[in-house]
Amino acid sequence: MKFGFFRKRRGWGLLVFLVALVLAGCGGKSTNPPSGAEEDNTNRIAVFIPGVMSGSPIYEMLAAGVTRAAAEQPGVTVTVIEGGFNQAEWESRVSALAASGLYGLIVSSNPSLPAIAQSVSAKFPGQKFLLLDGEVWGNPNIYSLRYNQWEQAFMAGHIAALVTAEISAGKEGENGKVGLVAGQEYPAMNNTILPGYLAGARSVDPAFTADFRVVGNWFDAGTGASLAVDMIRGGTAVILCIAGGANEGVVQAASEAGAKVVWFDTNGYGIRPGTVVGSSVLYQDRAAYEQTKRYLAGTLPFGQAEMVGVADGFVDFVQDDPRYLAAVSPEIRTKQAEFLEQIRAESLRLEE
Ligand code: RBF
């Protein structure tokens, strides 16, 4: 009700404005002209954060990229809405954004958004969506882009195994485990990230197994810490953490116990220098920027889905940070560099 009233009022205002424009004999240049009394909302973009930004760089990058693209074009506004951690509320929150008619584009990111956007799209077919880190094919109102997370996880597994092997060299009874703490289980985690991570470790030594733990949410640093303590007690020396705000607990526990952490999505070496021994990154800020520019130029191919990886420059392992150079031995650095060289030259093909 509230939104409907708001839209109607604004709609009338715009109608008067458009009539004035036509009478003045100068047409607008909008690629998506408003129909009837509907206001042209093309230049208003909503970014829906499924969670909170703090502690989740993948979401910070999303908002930063869209905002940067909008800032380059006069008259474009961006509204960032945090959806919070109650996932049961996300669909109704996205529905309310679509129902408001205020936004030409709703931008969001994570693999649960495709189902939500499909359902909202069925109710509000005029609403356009740009989804990152997820995949939807064939909906004429949704464009999606995801990352090759097999590559991203494989590179993380390779460094985790090299560091584990060095730490456990000469120790009796070490059984070659690489750790992973996830916020929750979801298909991209269970079918791509975890197996890719293990495959990367096994490319160093086929005997590696994975010690996989789940926090159950994306914020609980206390649970993150207790999982890490338990893993380290069980002989896991290196932990990849993909758990949002709970990562902080994993890092804290690892640094207290002399264990190591591999970071995901952004460069994490500065978080705890010496403890963080790897950063497998994706450039979601660049993806959000480029796709928003395409939307504003009217060239975003709605209905399509794309995937980008190392070869496209959207997935990488950061090895030129001085804190990485200080955190790992020259032998490990050389081995990881040779491995990355092979991936970039595509002489090593990472197949899912
Ligand atoms: N990643 C985060 O860093 N923070 C989050 O709050 C977060 N929430 C998620 C919620 C759902 C339902 C799903 C499926 C994934 C979530 N992710 C989150 C994981 C994110 O999509 C991505 O897989 C990881 O950031 C690794 O790139």
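A residue is near a molecule if one of its heavy atoms lies within 4 Å of it. Residues are numbered from 1 along each chain as its sequence is written, and side-chain values use heavy atoms, with hydrogens and water left out.

**View 1. Residues around the ligand.** Of the 17 residues in the shell, those that come nearest are Ser56, Asp133, Gln149, Tyr186 and Asp265. Domain 1 (12–146 + 284–308) and domain 2 (149–282 + 319–344) both contribute to this shell, so the ligand lies between them; the domain bounds come from an automatic or database domain assignment.

View 2. An oxygen atom of the ligand is 2.6 Å from a polar side-chain atom of Asp133. For Gln149, a polar side-chain atom lies 2.8 Å from an oxygen atom of the ligand. A side-chain N or O atom of Tyr59 is 3.2 Å from a nitrogen atom of the ligand.

**View 3. Confidence along the chain.** The protein chain has an average pLDDT of 90, and 86% of the residues score at least 70. Over residues 1–37, pLDDT stays under 50. Where pLDDT is low, the predicted coordinates should not be read in detail.

Methods: This is a predicted model: local features need pLDDT of at least 70, side-chain atom pairs count only at pLDDT 80 or more; totals for chains, interfaces and linings use all residues. A polar contact is a pair of N or O atoms within 3.5 Å; within protein, one must be able to donate a hydrogen and the other to accept it, and residues adjacent in sequence count only if both atoms are side-chain atoms. pLDDT is the predictor's confidence in each residue, from 0 to 100. Contact means heavy atoms within 4.5 Å.
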